[in-house]
Amino acid sequence: MATDRTGALLVGSIWYTEGENVELFEKIADMQAYLAEAKARGERIGFVPTMGFLHKGHLALIRCAREDDEVDRVVVSIFVNPLQFGPREDYRDYPRDLERDKELCLSGGTDALFVPAVEEMYPEGFATHVEVTGVTDILCGRSRPGHFRGVATVVAKLFNIVQPDSAYFGIKDAQQVVVIRRMVADLNFPVKVKVHPTVREEDGLAVSSRNVYLGPEERQAATVLYRSLKLAGEAIARGERDAARLKQFIEETITAEPLARLDYAEVVSWPDLKPIESLQPGEVLLAVAAYFGRARLIDNLLVEVKA
């Protein structure tokens, strides 16, 4: 990891300046005790849940929390959640680098880092899960059965542990945002869910921890995802309103790339993720997922449809 003479860290093309200190907790009880003291002083907690192997997108969320006038203390969690991985997915191989993540959290202005073990989060006898219905059986939920059950369960646990005032998520995981907002509303979590725009590389590829899986040719090929979305967005701007034609256009653009294996391309309403036939004024979500070698990547574009 590159540093300059001031100790700043280079992530992608962005330098992050090191802060003073970050507290690290591995036990739930210790994390809760630390936060209880902060809350007793009237401090408001901003929370960024992650699976680690941090990138510019995570750092943007941490910065967003750090700069939020409604937040006094920033907490980041790093936990690769086994419940959201399918049996043939990459849980064991998911990239991990805690020392690097600690440095980046410090550089981004994190006050406390929560890094629990699997046994701490899911002790023997664990038998409770959270399931959000209606918005989880489409898009990634259709391709990854049980994924969002695992997401909702771990986020509910983390919200109960940290009890944040605000929590920060990236819109790249748009379906996840919808699921978490639904869970927060339905279960009356007293937390504001705040959403940050997708962070991209210069060529448009959405930053992702799984980008590390890409070889040079696959990395170049993966730019077709955002390119297909932008082209569809331009078609909407020109007046295209037929969802099936837009979906076909996205699919054809992606499948024309030899190294891409399409998982799905969808055009759905926002924020309820309902299938649509004809675009109406308001926002729609263009969403894609595809494999490039071993990497399954997702991307999306929210488009404002004019009357």
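Pro-197 lies in the loop that runs between strand E8 (192-196) and helix H8 (216-221), where helices (H or I, at least four residues) and strands (E, at least two) are DSSP runs numbered from the N terminus. With a relative accessibility of 55%, Pro-197 counts as exposed, since buried means under 20% relative accessible area, exposed over 50% and partly exposed in between (1.4 Å probe, protein chains only). Its C-alpha atom is separated by 26 Å from that of Glu-252, which is 55 residues apart from Pro-197 along the chain. This is a predicted model, in which local features need pLDDT of at least 70 and side-chain atom pairs count only at pLDDT 80 or more, while totals for chains, interfaces and linings use all residues. Residues are numbered from 1 along each chain as its sequence is written, and side-chain values use heavy atoms, with hydrogens and water left out.

Is Ser-166 buried or exposed? Ser-166, which is placed in strand E7 (residues 166-170), has a relative accessible area of 1% and is therefore buried. Its side chain makes a polar contact with the side chain of Lys-194 at 3.4 Å; such a contact is a pair of N or O atoms within 3.5 Å, and within protein one must be able to donate a hydrogen and the other to accept it, with residues adjacent in sequence counting only if both atoms are side-chain atoms. Leaving aside neighbours within four places in sequence, the residues in contact with Ser-166 (heavy atoms within 4.5 Å) include Phe-47, Asp-68, Val-191 and Lys-194.

The largest nonpolar core has 51 residues, of which Met-31, Met-121, Phe-159, Met-183 and Leu-273 touch the most other members; a core of this kind is a set of buried Ala, Val, Leu, Ile, Met, Phe, Trp, Tyr and Cys residues joined through side-chain atoms within 4.5 Å. Among the elements that each supply at least two residues of this core are helix H6 (147-162), E7 and helix H7 (174-187), and the largest share, 10 residues, comes from H6.

The axes of H6 and H7, which are lines fitted to C-alpha atoms over the stretch in contact, with angles running from 0 to 180 degrees between N-to-C directions, come within 10 Å and cross at roughly 55°. That makes H6 oblique to H7, because angles under 35 degrees count as roughly parallel, over 145 as roughly antiparallel, 65 to 115 as roughly perpendicular and the rest as oblique. Where the two helices meet, Phe-159 is one of the residues on the H6 side and Met-183 one of those in H7.
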